[in-house]
Amino acid sequence: MLKIVTRMFLFAALLNCFATTMAAVATGSPVRIGFDADFTRVGNTAAQEIELGIRIAIEEINAGGGVLGGRPVELVIKENRVNPARSIDNILEFAEVPDLVAVFAGRFTPVVIATVKPAHEKKLILLAPWSSGTSVINNGFKPNYAFRLSLNDLIAIPAMIDRARSIGKPRIGMMVANTAWGRDSREAAERYVSKSQDVKIVGVEPHNSRDTAMLTQYKRLIEQGAQAILLVASDAEAASFVSQFAALDGKMRVPLISHWGLTGGSFFSTVGGETLARIDLSVVQTFSLTRADPRKVKRVTDIARKIGSPLMPQDIPSPTGFAHAYDLAHILVRAINIAGSTDRSKVRDALEQVTNYDGLVRNFARPFTPDNHEALQASDVFFARYRADGALVPVVQGDGRANTRIAPK
């Protein structure tokens with residue numbers, strides 16, 4: 001909790017720095033970017049990291065002269081409290097803000113999905129740097145105003161299944177959130193497994209928000225012969241389950257392969273490094289400061305240091321949200337310049353025309369096209385483990401580490 005409060009003070013320092021730079025370099029009326037955020041959930045870190053990524057990008061952009069020939073970029077934030085109705089209200093309010101071209105969505109897929117329809121009705125660009133539900137982008141709207149630089153479950157879940165297969169655990173159990181995110185994940189898994197002869201889902205167990213009895217679901221899956229568990233859970237539920245799981249006899253533990261939902265909050269600080277060292281937990285990821293281009297990392301860390309927010313791997317609990325938001329902000333500004341306007345329909349079209357963006361996550365030859373509003377691909381996915389200091393570090397190739405497990409039935 002102290003870390004989150006400290007980060008809030010660092011954001012205040014960044015705001016002051018941002019304002020000074022904006023006044024010195026960029027002039028004219030601001031071009032605005034919205035962020036529909038969820039800061040009030042206890043332990044949430046994803047919103048803070050997404051904001052940090054956007055603000056560092058804005059600092060760079062404004063220091064370089066702004067957008068549209070010298071206009072500063074400005075971030076406008078509205079709190080949604082993880083409430084879909086409030087998030088919808090925020091979208092409607094954002095739509096009325098002058099020269100606001102796009103809104104960054106937050107962490108929780110059910111909240112983001114609720115905003116898709118009103119955003120399209122208002123022709124407001126919706127940018128997803130975190131939420132992975134397939135229907136955020138596959139929404140049926142034409143033209144489509146939603147763009148994602150993040151995982152989608154049609155990529156994440158197959159990667160998790162392949163991870164289980166690669167460590168010799170083809171009989172898989174799923175523990176999924178009882179939400180749109182969990183349902184999308186289950187559907188993606190069933191679709192993928194239906195095309196495979198060598199892997200099987202032995203059972204699926206849903207859980208609700210703040211569920212503290214997930215060990216019961218886990219044991220049912222083990223009884224059905226699960227050799228590995230795909231975990232689709234947010235940080236609070238995952239922390240409760242993993243703490244209980246780690247207390248089991250080693251013979252009762254199987255490898256846990258997790259979606260990145262648990263990285264969006266205080267999972268590591270709640271569970272602790274010693275507990276995690278006893279179990280086999282790997283987490284799907286798309287970005288790590290430890291494997292990114294050192295020149296790019298230095299560029300963003302120099303800005304972070306300037307405003308008092310050092311970027312070390314252990315200081316970024318939600319690294320994907322940070323990096324995705326940073327790159328999306330830069331891509332959006334390129335689109336605004338291509339459009340030559342803050343007209344949202346023109347910027348939407350221009351987002352499909354951006355090329356050769358050398359980003360923090362990777363180089364994007366063409367992030368979006370008229371037929372594809374997903375910037376990331378299956379090749380962007382890797383798995384990471386928690387280091388003793390809390391940093392998420394990539395699993396080395398061929399790492400099949402697994403705890404003692406129940407023999408398959």
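A crossing of two helices is left-handed if the near helix is turned anticlockwise from the far one by less than a right angle, and right-handed if clockwise. This is a predicted model, where local features need pLDDT of at least 70 and side-chain atom pairs 80 or more, while totals for chains, interfaces and linings use all residues. Residues are numbered from 1 along each chain as its sequence is written, and side-chain values use heavy atoms, without hydrogens and water.

Q: Which handedness does the crossing of α2 and α12 have?
A: Let's start with the two helices (DSSP runs of H or I, at least four residues, numbered from the N terminus). Helix α2 covers residues 46-63 and helix α12 residues 319-339, and their axes (lines fitted to C-alpha atoms over the stretch in contact, with angles from 0 to 180 degrees between N-to-C directions) come within 7 Å and cross at roughly 35°. The crossing of α2 past α12 is right-handed.

Q: How many residues of the contact between α2 and α12 are nonpolar?
A: Contact means heavy atoms within 4.5 Å. Ile50, Leu52 and Ile54 of α2 are among the residues involved, and α12 brings others, including Phe322, Ala325 and Val333. With Ala, Val, Leu, Ile, Met, Phe, Trp, Tyr, Cys and Pro as nonpolar, Asp, Glu, Lys and Arg as charged, and the others, Gly among them, as polar, the contact has 3 polar residues, 2 charged ones and, as nonpolar, 11.
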